[in-house]
Amino acid sequence: PHAPAAFSGPRRCSPLVIPLGGAGIAAEMADTKEAKPEEKQDEAKAEGEEKKDVDMAEGEEAKEAEKAAEPEKPTELEADAPADSRPKLAAGAVEMNMADSTLNVLPTAGGRMLMTLSEGGSQYLLAGARATAGIKAGRYMFEVKIIEAHNQKEPQHHGGRDHGAGAAPQPRNLVRIGLSEAGSSLYLADGGSASIAFDSEGFLVTGKSRKKVALKFSRDATVALVVNLDAASPNANTVSLFRDGVRICDPQPIPEHLKGKTLYPHITYRNVSVQVNFGPTSMAALPFACRMLADAAKSDVELAPKPKAAPAEVVFPVGLPDHGYFDFVDQFLEKHTDFEELSDRKIVDWASKSGLGKGTRGSAASQDKPDVKYGLPLMDDGSVLRVLNHVAPTSGRRFVVPELRCNLVPKWRKTMLQRWAGPAIKKTAVVIMGEPPAEFKAKVQEMILAEKKAKAEAERKRKAAEEERKKLIEEKKRKAEEAKKARLAKQSGDAEEAKEEEEPEPAEEAKAEEPEEVVVELTEEEKKLTFRKTALPEMAEAVLAKCYADFTLPTKEEGFDEIRFEWQGESAAAKVLKDWIFAKKLTQRVEDLQPGQAFKDAHGEWTKNLSTWRKLASEWKDPAKRKALLAKRAEAKAKAAEEKGEEAPKEEEKMDIDDLDVFAVEDVTDVGNGEPLFANFAFEDWLLLSTRYEIHLLLHNFKKDLNDPDRPSFASKDLGFYFNKYFKKSFSLKSYATDKFEDFVDLVKDTFSVNASSGFLEAAMAEDTPIANFVKLTEEHRRERQRRLDAGDETAELKFPRSAPTPPPRAPAQQSSGGYRGSDRRAGGDRGGSYGGASYSSRPGGDRGGSSYSTGAKRPYSSTGGSSSYYGGSAKQPRTSSYSGGGSYGGGSSRYGGGGSYGGRR
């Protein structure tokens, strides 16, 4: 084997010796003598790497020597606290401030132990509390110990994790120990910049920064937070964390913006019970002497002001939706810092800061009732607010309860006042209606301007990002084109040209352009606004529609100790409320309105009459049936005369139906010669007849069923809503071949009109108008159109759309002398959907295969057949019919029987 190369300096590793036989040595030597150039290069490379290793080894030895020469760092970075003769705080001055804590904090053992609510969704919410003393100088410590950890069983979401189930915030058991400014958020590490904290997972959180700096701590461990604000200390303006007396993190610097400020000890926790110790004696000794906060010098500490000796009070703001209600509440809380909000929107904010996220809003979400779902049964069942409603009245604190809907309705005000019963709690109603003060308006203008500026800034950033994206795309295209040109030039052998093209042009130094400040101003219209419009309404429209008519002002008789009118006096507020309700009645639907018994009876009678009339019209159009009807009529007259002892009536003279006075007809089923008044009704006429009576019936019964003198009717926009509610079928202008409501009104102007001032629909006839009168109106309208058509006015022709008829079933048709029994539908279902409950029913022996109108049946359809008209033998057909010859609904050649075609002249 080769001997290792000699080198000076200590060897860092032993040489590797590979034993070889004599033949091996000879072969190796021969290989060395005849080494190829590639092998020589490898040997040179290996020698260079070996030299590099030697140099590194020498460098490491030099560093070790320097390290040995340096003095060793102390094992603890903090020194013992010197003696301090300055005046100390009074005993008991430092404790957790229950007036500066969340509502779910439950103190016990004289405030030395903190528990939390855990019923229902409360287990997911953070609890927070601040101490009564803040540190502004010196070095002090306080301790926290987790006494118990709660691990409640969580119910399974009914939808499973794949169906909207949410995740509980992690970790389930959490403690944060830190410092915060007075008046800042009670939730440490909520993203605010006014605090610094360690959590039980070992993270240091300040602002939006979160980094791992310490070891974890859990139950039974005593954790001490050392706050060093001593300017003379090498660790000034730092915080350190110790577990059972052992340091678990290096001193961490306090953020610059918190230096020089008074910092209060602060604890945030969830699903645990913690013991808090401010001293003067520690539970676990540190490696150095450090005073507890309770043993602090007065000059180093600032005590929080004690709450004013004010009685417990609850304030119920009473205002109108979308009239600045929640903006007033926010301004009220800014001015009265001793009040806390108790509402659904507060719980949503609390849940967000506790790590539950934003959740999912329901379709009826509003500021009053956010309707946020988290996919956690215990959070979604409303148990949090239910528990807090029981706890709040016993806390001795002052609350504002901004329940917009409940505070406006007497029965719900009564329910809420019962929760706060007792003379120890002052119950105040604050009415905010009418013209707000200038201060409120100015604040609203500021918020509108801020929102407008934020939108403009977001738009500016979006455009800048889009421009930057376009520049990058253009740059990529340019570089790709240059690379392509260079490649082509190289392939063509023009090296000189390629070289010139490859040389980049000297790029101008890009100057960093400072973003221009967005200048936004309010428009003249925006300056006139008193209330701002928010993305989320203050009350959902569907909720408002059901309760706005019950809104009233609070009274002392309900149980209030004081009623305060903030914006305008009582009389002015009452007028504002009355006018607002009246205006709502003009536009708001009555969602819970139900048809009364009078309507049901009248509608039943109408359906029965319509079915009889349509059957008679069908039979009159069939020559055979018409003959039978006339014979039966003559027989009945003869029999009646015989009973009276009179002579049999002679044959009646022929009548000129066209000259008949429609309104002089006594019986619409027989105008005097056996012919019904509706004999020439086409599809359009029957539809208009039903529409006339149904709207007449709807308008009169709406007024009767609602029984509200302020709202005798409704606007045209709600006709479809109430039509569906009463008749259980849709109403559409397209069914009348029009898109404008005015054109529809013109079709049935003899039945109702629109009030020009109120916009309400008004019935043209009295409620007790006979049903037959609507037949007369329809016939008169038909004749008037016919006269216009005869005069050459083609605009008088009506053509209402109808859905394509369903083809007959494939099963063999039943043949009979009368025709075909069918079940096909046409015009979107049975005729009852469009004609007030009447529908076609097939019968043997009638026209169109023997069909007639009766309730609930369906009508057959045939595309081939005879020559006589569907609407009645050889009788003259109205030109307003929307069907004309070609197709047939029966006839001698029809496979479905019968004998009449659907058509005739128009």
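Mentor: We take confidence, then a helix, a strand and the cores.

Trainee: How do you know how far to trust the chain?

Mentor: This is a predicted model. pLDDT is the predictor's confidence in each residue, on a scale from 0 to 100. The chain's mean is 80, and 76% of its residues reach 70 or more. Residues 1-40 are below 50, with 16 contacts in the model beyond near neighbours in sequence. Residues 811-906 also stay under 50. For that stretch the model has 294 contacts beyond four places in sequence.

Trainee: What makes one side of H7 a buried face?

Mentor: Buried means under 20% relative accessible area. In H7, residues 410-419, that label goes to Arg413, Met416 and Leu417. Down the helix axis they fall within an arc of 100°, so they line one face. An α-helix has 3.6 residues a turn, so residues three or four places apart point the same way.

Trainee: What does the face turned away from the buried side of H7 carry?

Mentor: Lys411, Lys414 and Gln418, which are exposed. The cut-off for that word is over 50%.

Trainee: Which strands do the buried residues of H7 pack against?

Mentor: Strand S18 (312-319) and strand S23 (425-432).

Trainee: Why is strand S7 called largely enclosed?

Mentor: Count its residues against the burial cut-off. Seven of the seven in S7, residues 174-180, are buried, so the rest of the structure largely encloses the strand. Leu174, Arg176, Gly178 and Ser180 point one way, while Val175, Ile177 and Leu179 point the other. Both sets are buried.

Trainee: How do you know that S7 pairs with S15 and S8?

Mentor: Pairing needs at least two bridges. S7 and S15 (residues 264-270) have seven, in the antiparallel sense. S7 and S8 (residues 195-199) have five, also antiparallel. Both counts meet the cut-off, so both are pairs. Ser180 stands opposite Tyr264 in S15 and opposite Ser195 in S8.

Trainee: What makes a set of residues a nonpolar core?

Mentor: The members are buried, of nonpolar type, and joined through side-chain atoms within 4.5 Å. The largest such set here has 72 residues. Trp420, Met433 and Phe551 have the most contacts inside it. Helix H3 (residues 325-335) gives the largest share, six residues. A second, separate core has 54 residues, including Phe681 and Phe800.

Trainee: Which residues does Phe551 touch?

Mentor: Leaving out residues up to four places away in sequence, its contacts include Pro321, Leu408, Met539 and Trp580.

Technical notes: Residues numbered from 1 in each chain as written. Heavy atoms only, no water. Buried < 20%, exposed > 50% of the residue type's maximum accessible area, 1.4 Å probe, protein only. Helix = DSSP H or I, 4+ residues; strand = E, 2+ residues; numbered from the N terminus. Arc of directions from axis to C-beta. Contact = heavy atoms within 4.5 Å.
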